[in-house]
Amino acid sequence: METMGRHVISELWGCDEETLNNVNAIERIFVNAALKAGAEIREVIFHKFAPQGVSGVVIISESHLTIHSFPEHGYASIDVYTCGDHIDPNTAAKYIAGSLGAEAEETIEIPRGTGPIRVQRPEANAL
């Protein structure tokens, strides 16, 4: 294993505003993303803010998936952090972006636990 973990951070723009404000939909998307990536889910916690927005986390044995949504801007910030080499965090991140209807995204991947940070950009940054 080259790294202790892989941390994918995505800025998602042009997302469906109703979905971004629906705590149940976001929770379902994140649970499904974790499962599609082959992760083992430990805890699921999501919170709906008033008047709008959702934040949440899916804790997985391999680390976590998180979101902070801003429906009024059609924007969500997400991150998917996995440890070990049997799960690709990009699988979950791409599933989330597609499920939120993101029209544009900017994604970086940071290898964790290897010393100095080397930011990597996955192949495709636009949907």
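How do strand 1 and strand 5 pair, parallel or antiparallel, and over how many bridges? They pair in the antiparallel sense, over eight bridges. Hello everyone, let me walk you through the rest.

First, the ground rules. This is a predicted model, where local features need pLDDT of at least 70 and side-chain atom pairs count only at pLDDT 80 or more, while totals for chains, interfaces and linings use all residues. Residues are numbered from 1 along each chain as its sequence is written, and side-chain values use heavy atoms, with hydrogens and water left out.

When I say helix or strand, I mean a DSSP run, numbered from the N terminus: H or I of at least four residues for helices, E of at least two for strands. Two strands pair if DSSP finds at least two bridges between them.

Six strands make an open sheet in the order 2-3-4-5-1-6, with antiparallel pairing. At its edges sit strand 2 (41–48) and strand 6 (104–112), each pairing on one side only. On average, neighbouring strands are turned by 10° against each other, direction ignored; axes here are lines fitted to C-alpha atoms, for helices over the stretch in contact, and angles run from 0 to 180 degrees between N-to-C directions.

Strand 2 and strand 3 are antiparallel and share seven bridges; one example is Lys48, whose partner in strand 3 is Val54. Helix 2 packs on the sheet, touching strands 2, 3, 4 and 5, and its direction makes about 155° with that of strand 2. Helix 3 packs on the sheet too, touching strands 1, 4, 5 and 6, at about 15° to the direction of strand 1.

Let's return to strand 5. Eight of its nine residues are buried, where buried means under 20% relative accessible area, exposed over 50%, and partly exposed in between, with a 1.4 Å probe and protein chains only. Ser10 has Ile78 of strand 5 as its bridge partner. On strand 5's pairing with strand 4, there are eight bridges, again antiparallel, and His68 stands opposite Ser77. The hairpin of these two strands has four residues between them, and there Gly74 takes a positive phi near 65°.

What about the inside? The largest nonpolar core has 28 residues, and those touching the most other members are Leu12, Phe30, Val58, Leu65, Ile67, Ile96 and Leu100. Such a core is a set of buried Ala, Val, Leu, Ile, Met, Phe, Trp, Tyr and Cys residues joined through side-chain atoms within 4.5 Å. Helix 2 gives the most to this core, with six residues. Setting aside neighbours within four places in sequence, Leu12 has contacts (heavy atoms within 4.5 Å) that include Gly74, Ile78, Ile96 and Leu100.

An unreviewed UniProt entry annotates Ser63 as "modified residue: Pyruvic acid (Ser)"; UniProt positions are in the numbering used here, feature names are shortened, and annotations may be inferred rather than shown by experiment. Ser63 lies in strand 4 (residues 63–70) and counts as buried because its relative accessible area is 18%. Beyond four places in sequence, Ser63 contacts Val58, Tyr81, Thr82 and Cys83.

Finally, the cysteines. Cys15 is buried, at 6% relative accessible area, and Cys83 is partly exposed, at 30%. A search of the whole structure for disulfides, meaning pairs of cysteine sulfur atoms within 2.5 Å, finds zero.
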